[in-house]
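Me: I want to learn how to read side-chain features in a model. Please take me through one, feature by feature.

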Amino acid sequence: MRGFILFLMLLVGTVQLSFGQATITGTVVDATEKTKLENAAVMLLRAKDSLLIDYIRTDAAGKFQLKRPADGDFIIVVSYPKYADFSKVIPEMSAAASVGEIGLSSVAHLIDEVVVKGRAAITIKGDTTEYDASSFKTEKNAKVEDLLKVLPGITVDATGKITAQGKVVKKVLVDGEEFFGNDPLLVTRNLRSDMVDKVQVYEKKSEQAERTGVDDGERQQTINVKLKEDAKNGIFGKALAGAGTDKYYMGQLMFNKFKGSQKISAYGLLGNNATTSLSQEDAEKYAGDSGVSYSDEGSFSFSSGNDPFSGNGSIGIPRAISTGVNFADRFKGDKHKMNLSYKYGRIASEGNDNMEQTGVLINSSKKYIDAENSQHNINLRYDWNIDSLNQFTVRANAQRKMIWNTTDLNSSNYDNNGNLTLDNRSVEVVDNKLNTYAMDLMHTLKFAKKGRSLTLNVGANKDETNGGGSLKGVLKNIHAGDSTLTDQLKNREQDITTLRGSVTYTEPLSKALNLGLGAGIEDNKNTSLVESWNKGASGEYDELDNRFSSNFDYHRISSNYRVSLNYTTEKLRIGLNNNLNNDRLNQTNLSDDASLQRSFKRTFFTYNPRLNAGYSLAKNKYIWLNYQGRNQLPSLNQIQPILNNSDPLNFYEGNEALKPAFNHNLNLGMYTFDVFSGSNLYAGGNASITKSPIAQNITRVDNVNYYRWSNIEGKTNKNFSLWSGYYFKLNKDLGLANQPQLNVSYGEFNNFVNSAQNLVKTSTYSFTYNFIRDTKTGLNFNVNLTPQYRKMTSNLEPDRENSGFVFASNGSVEYFFAKTFKIYANYDYSYEAKTKSFDTKLERFLVHPGISKKFLKNESLMVDFIINDVLNQNIGYSRSQSNSVFTQRRFDTIRRYYMVKVSWDFNKMFVK
């Protein structure tokens with residue numbers, strides 16, 4: 001930590017504390033009555049680019065005083081409700097000056113917003129915040145991601161994850177439409193910032209809610225990038241090549257051709273340094289180790305926080321390639337719209353992943369993973385505006401995934417005294433092919449009466465999995481002194497077919513109140529076959545192991561009925577949704593073992609209410625509240641009683657007797673923005689309570705851990721959180737801004753361990769301070785400091801709690817010697833103190849310095865020299881907690897290397 005403290009002291013010491021400045025004074029009065037106008041808005045803009053330099057409101061005597069840099073021409077703008085705006089050019093000067101008395105003339109209509117050259121830097125309209133891109137400075141040839149980083153209230157981390165007003169952004173649109181099937185990073189890292197006219201931030205409703213007017217409560221934090229008209233007719237893109245020591249490499253090629261409504265884009269990315277980032281949406285679906293995990297019934301799932309082909313989070317050194325093409329156009333005006341994209345990606349990696357677990361269980365494992373995954377993906381969307389009352393939409397998707405990995409595993413279980421009880425050594429090979437097909441059709445008919453509509457929606461999905469693999473291992477029982485050998489071939493086949501349809505009718509009851517009625521049905525059929533074949537006396541794999549094999553047919557028919565009321569005025573929005581669901585489940589075990597053959601039927605009738613409300617206190621102040629009551633039905637994985645012997649020390653069992661758990665979830669918050677200063681304040685809270693929760697009970701039998709899903713009757717899981725943040729400028733002349741943020745959370749989670757009730761309590765207290773200087777001249781930095789205290793306890797193991805201090809910091813520093821030449825460094829520091837569960841601290845300080853120079857008249861050619869992890873401290877590690885088990889991981893990852901990069905931004909716009 002000493003090195004990191006020294007780094008911060010060096011950063012602070014380089015901040016210059018003063019600039020030459022002058023003052024401008026004046027008085028604002030009514031031009032006719034000569035009365036003093038109090039609280040008139042006075043702004044100072046830089047003349048060459050309309051950038052806001054200073055602002056103030058007049059005092060009771062109508063007087064004001066503005067500070068300004070000594071050089072350059074400026075514009076002073078004065079605004080007051082029910083008066084015409086006043087503007088005047090202030091030429092370059094070094095001494096204080098007075099503009100004297102400024103007389104404003106009254107007008108007949110109300111001016112709600114300060115308009116500068118026809119637009120404001122920031123405008124809030126209801127729950128939408130709109131930024132004028134030209135009011136925020138970025139480097140030449142910067143990308144949209146760089147623009148977002150300088151917008152107040154928006155943060156972008158090193159992986160490209162965007163947070164706006166405290167919420168993670170799920171969608172990034174271009175002119176209100178999807179781009180490459182809604183891949184946020186392909187927008188933010190492909191499009192140039194100087195092409196952007198406006199950036200809008202809002203919570204996007206579901207497509208059906210937008211078309212029918214019935215608010216279903218589904219919302220996603222969304223950014224819409226609106227392009228300038230003259231940016232929609234030309235070609236632009238980027239080419240980059242990088243070569244480094246230790247055989248590291250990277251390459252990028254992006255090409256875009258825009259002509260009016262037509263957009264054609266293509267890209268190709270490759271590298272082995274985790275820089276081929278793509279979709280944030282896909283990032284939430286893929287695992288960082290082998291890229292895929294298999295549940296007990298043989299189905300697959302993806303989970304992690306990384307693009308599957310970025311290499312981020314992979315074990316070892318990833319070798320990745322990703323490419324795609326996108327076509328979007330409108331025909332016959334806006335009557336027909338089409339968006340078609342294709343993407344292909346492949347990634348291979350290998351490395352070590354070691355894990356320690358303590359708490360109610362003591363385990364350890366060492367894995368060597370060799371994995372290769374590839375994927376083809378096609379997306380289509382077609383919109384047909386048949387006439388002013390009819391709209392038809394088709395969505396289609398097709399995917400093909402090929403997943404292969406080998407895992408060499410050495411795992412161990414220990415008793416409560418730390419003595420070894422079981423030792424497993426196994427090698428598993430997984431080789432699967434997955435095909436997915438989906439189509440959705442939606443037709444909306446609007447009637448002559450405004451607000452009255454009828455929407456029909458039908459869809460179908462088809463998922464196929466075919467593959468297998470092998471498992472060879474030796475399980476040693478230390479106490480008994482014996483061993484169990486496993487030598488099996490695996491076969492997996494799964495077929496899931498889903499058909500669905502729904503109808504929604506809306507009727508306006510008044511100008512502000514709307515009624516929505518809806519009904520839908522979904523039919524899901526799932527056949528799942530998992531076969532484990534032991535090697536027989538003949539030497540062939542011809543003996544079926546029924547214990548680790550399964551053959552299930554699963555059929556679910558779900559019908560739902562909806563009644564909603566929506567009340568909307570200029571300031572108030574309230575939506576009440578009542579959802580009734582009837583789910584009929586039928587599961588049949590088709591095992592070859594007659595003792596296991598049986599049919600299982602269940603019916604669940606549930607009520608799921610939802611309330612959404614929002615109120616605009618003013619144009620820049622908004623409060624909101626959302627409540628949802630939801631019956632959490634058991635999943636297929638939780639119901640099916642299947643064992644998987646990939647890890648013979650831990651078995652996971654389903655439970656056919658599971659009942660739904662009911663969850664209450666309440667969110668509330670507020671957001672306010674000062675248009676003149678750019679400051680924003682947000683705060684909110686969440687409360688989640690689940691009655692009779694579905695949890696994994698843990699039982700240890702013969703030193704083997706069994707995890708069985710069960711309802712924890714009479715118990716309640718609780719989770720509460722509070723968050724807040726405040727962004728404001730510290731010094732306009734120095735370009736300094738900051739954003740303190742506070743997060744507090746508390747949770748209680750129940751399960752049983754060896755038939756003893758286990759209550760896990762977690763609490764987190766976190767403070768983040770963001771310190772920023774962004775002027776694109778001299779010294780710039782963006783530093784985040786996050787001290788945190790985490791407390792995690794279990795009543796069954798009070799002596800093995802995992803409470804401790806955590807500190808994290810990340811950011812960037814750059815210094816411009818000239819506008820085309822700079823040095824910079826990105827860094828990431830993390831520290832986790834030792835705890836009762838783990839007696840060693842974890843500390844890592846990653847520093848990635850570089851130097852860059854731009855060439856050519858338009859600064860389109862850039863040469864970069866970078867050092868990745870100059871201190872060579874990059875160790876992969878993590879700590880987490882679940883079910884009273886505290887886990888610590890260490891894994892191979894990319895360490896120090898040196899690289900030279902050459903990039904060329906090309907841009908050719910055509911005059912219409």
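Me: What relative accessibility does Lys535 have, and how does it count?

Reply: Start with the scale. Buried is under 20% relative accessible area, exposed is over 50%, and partly exposed lies in between (1.4 Å probe, protein chains only). Lys535 comes out at 41%, so it counts as partly exposed. Bear in mind that this is a predicted model: local features need pLDDT of at least 70, side-chain atom pairs count only at pLDDT 80 or more, and totals for chains, interfaces and linings use all residues. Residues are numbered from 1 along each chain as its sequence is written, and side-chain values use heavy atoms, leaving out hydrogens and water.

Me: Which residue forms a salt bridge with Lys535?

Reply: Side chains of opposite charge can pair when their charged atoms come close. A salt bridge needs a side-chain nitrogen of Lys or Arg within 4 Å of a carboxyl oxygen of Asp or Glu. For Lys535 the partner is Asp487, with the closest N and O atoms 3.5 Å apart. Asp487 lies in strand β27 and Lys535 in strand β28 (residues 513–535), 48 residues apart, so the pair links distant parts of the chain. The strands are DSSP runs (E, at least two residues), as are the helices (H or I, at least four), numbered from the N terminus. Asp487 is partly exposed too, at 24%.

Me: How many salt bridges does the whole structure hold?

Reply: The search finds 22. In one of them, Asp905 meets Lys143, N to O at 2.5 Å. Asp905 belongs to strand β49, while Lys143 is in the loop between β9 (128–132) and α2 (144–149), so this pair ties together parts that are 762 residues apart in sequence. Both Asp905 and Lys143 are buried.

Me: What does Arg500 pair with, and where do the two residues lie?

Reply: Arg500 forms a salt bridge with Asp440, and their closest N and O atoms are 3.7 Å apart. Arg500 sits in strand β27 (residues 482–508) and Asp440 in strand β25 (residues 420–446), 60 residues apart. Now check the cover. Arg500 is partly exposed at 27%. Asp440 is buried at 17%. Salt bridges can also join up: Lys449, Arg452 and Glu507 are linked in a network.

Me: On to aromatics. How many aromatic pairs are there, and why is Tyr131 with Phe136 called edge-to-face?

Reply: A pair of aromatic rings is described by the distance of the centres and the angle of the planes. Rings of Phe, Tyr and Trp (its six-membered ring) pair if their centres lie within 6.5 Å; planes under 30 degrees apart are stacked, over 60 edge-to-face, the rest tilted. The structure has 18 such pairs. Tyr131 and Phe136 have centres 6.1 Å apart and planes at 70°, so the pair is edge-to-face. Tyr131 is buried at 1%, and Phe136 is buried at 16%. Elsewhere, ring pairs join Phe807, Tyr827, Tyr829 and Phe845 into a cluster.

Me: Last one, strand pairing. In which sense do β5 and β6 pair?

Reply: Strands pair if DSSP finds at least two bridges between them. Strand β5 (residues 74–79) and strand β6 (residues 86–90) run antiparallel, over 5 bridges. Trace Phe74 across: its bridge partner in β6 is Ile90. This hairpin has 6 residues between the strands, and Lys82 takes a positive phi near 70°.
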